[in-house]
Amino acid sequence: MSFRQWVAALLLYGTFALTVLASTCAPMEPSEVAKRAEVAFVGTVLKVESDPYRPMDLCWDASHGDDCGGRRVTFELGEALRGNLEKQVEVVSEDACYCLGSYWEVGSDYLVIAAADEGNANRLIAEDVCAGTGKLYERSGYLRELRR
């Protein structure tokens, strides 16, 4: 293999590896999620908007499709499980196309695990699907642990 072919193969492998790492994870155990959750709630999505939020610049931006890019999601609070929350809660979320954020659907119920943004204490960042956030009907084990 020539040097040029080796470099091309290395670049291709690196791009593939980053995409795979950004798109897969091992789900956390519900008990672990419940122990570390700063903010947790059940809510119904009222509004979903694009947001420039991009953790570590690993995820693709909205130019790769309508569902891609960061999201700002507004919920009607159904049940507060952790944290002091208002009737409407807003979170930002990472990309769902190539990262592990949720595909938020207006009118659907979600369990949201979130944390305060280190750079902006007034902003909540939703955890990814591997850390418990997701459609409510898929999160019964997490919900049970958070209610204990």
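Throughout these legends, a residue is called buried when its relative accessible area is under 20%, exposed when that area is over 50%, and partly exposed in between, as computed with a 1.4 Å probe on protein chains only. The model is a predicted one, in which local features need pLDDT of at least 70 and side-chain atom pairs count only at pLDDT 80 or more, whereas totals for chains, interfaces and linings use all residues. Residues are numbered from 1 along each chain as its sequence is written, and side-chain values use heavy atoms, with hydrogens and water left out.

**View 1. The protein chain as a whole, with 3 helices and 6 strands.** Helices (H or I, at least four residues) and strands (E, at least two) are DSSP runs, numbered from the N terminus. Read from the N terminus on, the elements follow the order α-α-β-β-β-β-β-β-α. Of the 148 residues in the protein chain, 39% are buried. With contact taken as heavy atoms within 4.5 Å, 66% of the contacts between residues at least 6 apart in sequence join residues at least 24 apart.

**View 2. The aromatic cluster of Phe 41, Phe 75, Trp 104 and Tyr 110, linked by ring pairs.** Rings of Phe, Tyr and Trp (for Trp, its six-membered ring) pair if their centres lie within 6.5 Å, and the planes count as stacked when under 30 degrees apart, as edge-to-face when over 60, and as tilted for the rest. The structure holds 4 aromatic pairs. One of them is the edge-to-face pair of Phe 41 and Phe 75, at 5.3 Å centre to centre and with 80° between the planes. This pair links distant parts of the chain, since Phe 41 lies in strand β1 (residues 39-51) and Phe 75 in strand β2 (residues 70-82), 34 residues apart. Both Phe 41 and Phe 75 are buried. Phe 75 also forms an edge-to-face pair with Trp 104, at 5.5 Å centre to centre and with 85° between the planes. Here too the pair links distant parts of the chain, with Phe 75 in strand β2 and Trp 104 in the loop between β3 (88-93) and β4 (109-117), 29 residues apart. Phe 75 counts as buried because its relative accessibility is 0%, and Trp 104 is likewise buried, with a relative accessible area of 10%.

**View 3. The largest nonpolar core, a set of 14 residues.** A nonpolar core is a set of buried Ala, Val, Leu, Ile, Met, Phe, Trp, Tyr and Cys residues joined through side-chain atoms within 4.5 Å. Phe 41, Phe 75, Val 91, Trp 104, Val 112 and Leu 124 are the members that touch the most other members. Two or more residues are given to this core by each of β1, β2, β3, β4 and β5. Apart from this core lies another, of 11 residues, which includes Ala 37, Ala 40, Tyr 142 and Leu 143. When residues up to four places away in sequence are not counted, Leu 124 touches Val 39, Leu 85, Val 89, Glu 90, Val 91, Val 92, Ala 114, Ala 115 and Ala 116. In soluble globular proteins, nonpolar side chains tend to be buried together.

**View 4. The second largest pocket, with a volume of about 190 Å³.** On a 1 Å grid over the protein atoms alone, a pocket is an open set of points where a 1.4 Å probe fits, with protein on both sides within 12 Å along at least five of seven lines, and lining residues have an atom within 4 Å of a point. Grid points are joined across faces, edges and corners, and the volume is the space filled by probe spheres set on the points. Of the 13 residues that line this pocket, Leu 85, Val 89, Glu 90, Asn 122 and Leu 124 are the closest to its centre. Both β3 and β5 (120-126) supply at least two residues of the lining, and the largest share, 5 residues, comes from β3. The lining divides into 7 nonpolar, 3 polar and 3 charged residues, where Ala, Val, Leu, Ile, Met, Phe, Trp, Tyr, Cys and Pro count as nonpolar, Asp, Glu, Lys and Arg as charged, and the others, Gly among them, as polar.

View 5. Val 33 is buried, with a relative accessible area of 3%. Leaving aside neighbours within four places in sequence, Val 33 is in contact with Met 28, Ile 113, Ala 131, Gly 132 and Tyr 142. The C-alpha atoms of Val 33 and Glu 145 are separated by 8.3 Å, although the two residues are 112 residues apart along the chain.
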